Amino acid sequence: MFQLSEQGLAEVKKELARYEAKDSAIIPSLYIAQKENNGFITPEMITYLSKVMDIPEARINEVFKFYTMFNQKPVGKYHVQVCTNISCALEGGREMASHICHELGVKYGEVTSDGRFTVSKVECLGSCGTAPMMQVNDTYHEKLTPESAMNLLRGMK
Amino acid sequence: MAETKLLTEFYHLPEFQTLAGYKAKGGYETLPKALKLQPQQIIDEVKASGLRGRGGAGFPTGMKWGFLPKNGEPRYLLCNADEGEPGTFKDRMMMERAPHQLIEGMIISAFAIGSNKGYIYVRGEYVYPIECLNKAIKEAYAAGLLGKNILGSGFDFDLDVYRGAGAYICGEETGMISSLEGLKGQPKLKPPFPAVQGYLRKPTIVNNVETLAAVTYIIRDGAQAYRKNGTEKSAGTKLFSLSGNVMTPGNFEVPLGYPLMDLIMKEGGGMKPGRKLKAVIPGGSSAPVLTADEVAKANLDYESLAGLGTMLGSGAVIVIDDSQCMVDMLGVLTHFYAHESCGQCTPCREGTGWLNKILHSILEGRGRLQDIDLLIKVADNMKGKTICALSDAAALPVLSFVTKFRDEFEFYVREGRSKVKGTTYAEMHH
């Protein structure tokens, strides 16, 4: 049964007290829960949050399913999100995403066998002037080539 | 003409990010002066400046503020920092390099509209800008610039950052309000407009990062100084995000009315060696595309671009050279809008998916000639039929790409491969 750490629980309670509408704490709390569960959220975590937050499960679930930054299945230690929207596509973002998948031996959304990487194609990340780019966990890496992107990933242990 | 840096003059200085660095360049000098004015004086000055919303819609800022009911109800100031429009990356730079500039603009704006609580809604992927903002807000509280009785003025204003979670539609102001309320980020039917019934059903003003940052300049130097830049109807400067097939992409602040070709050739360093300009999307991915001939006639202001059947939008200029296949590029855009439709309105939910399926069947060599007209028919039936403008945003690129580059679409259908690249979609990308 999933449970937040003591610190995570305290953070959720802080979020609940922070807003005039309790529901506003759902998104911040999902972030806290996802971080504590290696980057993804399970149905039992929604049940748990519902009890902790005293918000109906369905309400939390609809928010969870709506936003793309909450993962519904396990991801690797490094979530590699390659932008393939127009400005990046014009500068080779799609080819870079394919190259990364090929080199890591995975399809989009799969976790590498060593558990280190998941590669996703994502929509515009606001890095259009420094295309092509990828976001690895919280960090942007810009002005890449397929080779420089792979060099960066190979350095991530 | 060249760049005119009213807002971005000190962006090259790393210390401008901090309170001390911002103050060293005159930051927070306008705030005490503003707090001695009557709120209506600030609203009048912003109205006189001609400032229009810099997030995309271009609605006059002072007029928007004037829609707030005068019944003394609590009201909110929300900064829209969701910045999800493909091609746009100016607000990110503003939050990273000058967070205090935004904070000062928000305090002055909040004082003008009588709000004691503000939120900056930032797209979830912008982790570093959020860190910059949180650090700056902490500094501002410690210096008595936020919180109770700001600078002894008797005015209270609390400011917080809210992290979104990945949904383009939250850039639409009522979608953003839904998200801040802890709901799915689905837009709400208007009227009532947020100024009357917004966050938690209270009067709410939603302004873009760049808009709020400009308020400080307007109050500091006056509306007339601001109006010296730009055109009669499109006053001031604007940050343009230049990307795509140019030599030196980036953000550039130029007066409104600046020639689009100059932005590409001077600020952007021109086209890459051996390449020719083919097309430009002038205002973010939802703006109708311009051909190279049209680009030569276009100025970067609301009226000039409207005259060419397109729009200034968020100021994202996406340059496409002659090596690009327009069918392929439209496929990127239809996929984006199908992915980002919130699903609430049938014409958008079904229409975006349908457009994307038709485009990809053409790209995969299964297209029929009648599909080209079907694209136009579907897009025509999506315009103006939904709660928000995402449906229009999806339809407009389709109509402009297909109309202006029809020969490429017909060739692709007949031959099953790109007229420009000479290859199939699978050969291009797999």
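The model is predicted.

**Helix α8 of chain B**
- After α8(B) comes B:Gly182, which has a positive phi near 85°.

**Helix α6 of chain B**
- Helix α6 (residues 99–113) has 15 residues. From its first C-alpha to its last it reaches 21 Å, close to the 21 Å expected at 1.5 Å a residue.
- Because 15 of the 15 residues of α6(B) are buried, this helix is largely enclosed by the rest of the structure.
- B:Gln101 lies in helix α6 of chain B. Its relative accessible area is 8%, so B:Gln101 is buried, the cut-off being under 20%.
- Leaving aside residues up to four places away in sequence, B:Gln101 touches B:Leu7, B:Tyr11, B:Tyr22, B:Met94, B:Ala213 and B:Thr216.
- Just after α6(B), B:Gly114 has a positive phi of about 75°.

- The size of an interface is often given as the accessible area lost when the parts come together.
- Here, chain B and chain A bury about 3,800 Å² between them, and 55% of this area is on carbon and sulfur atoms.
- Of the area that chain B buries against chain A, 15% is supplied by B:Glu125, B:Ala165 and B:Lys184, more than by any other three residues.
- Chain B brings 57 residues to the contact, and chain A brings 39 residues.
- There are 4 salt bridges between chain B and chain A.
- A:Glu91 and B:Lys272 meet through their side chains in a salt bridge, at 2.6 Å from N to O.

**A nonpolar patch on chain B**
- On the surface, B:Phe59, B:Met63 and B:Phe67 form a nonpolar patch. Together they have about 290 Å² of accessible area.
- B:Phe67 sits in the loop between α4 (61–66) and β1 (76–81) of chain B.
- The relative accessibility of B:Phe67 is 44%, so this residue counts as partly exposed. That class lies between the buried cut-off of under 20% and the exposed cut-off of over 50%.

Terms used. Residues are numbered from 1 along each chain as its sequence is written. Chains are lettered from A and ligands numbered from 1 in the order in which they are written. This is a predicted model: local features need pLDDT of at least 70, side-chain atom pairs count only at pLDDT 80 or more; totals for chains, interfaces and linings use all residues. Side-chain values use heavy atoms; hydrogens and water are left out. Helices (H or I, at least four residues) and strands (E, at least two) are DSSP runs, numbered from the N terminus. The expected span of a helix is 1.5 Å times one less than its number of residues. Buried means under 20% relative accessible area, exposed over 50%, partly exposed in between (1.4 Å probe, protein chains only). Patches are made of residues with over 30% relative accessible area and no salt bridge: like charges are joined within 9 Å, nonpolar side chains (Val, Leu, Ile, Met, Phe, Trp, Tyr) within 5 Å. Accessible areas come from the Shrake-Rupley method with a 1.4 Å probe; for residues, only the protein chains shown count as cover. Contact means heavy atoms within 4.5 Å. Buried area is the accessible area (1.4 Å probe) that two parts lose on being put together, summed over both.
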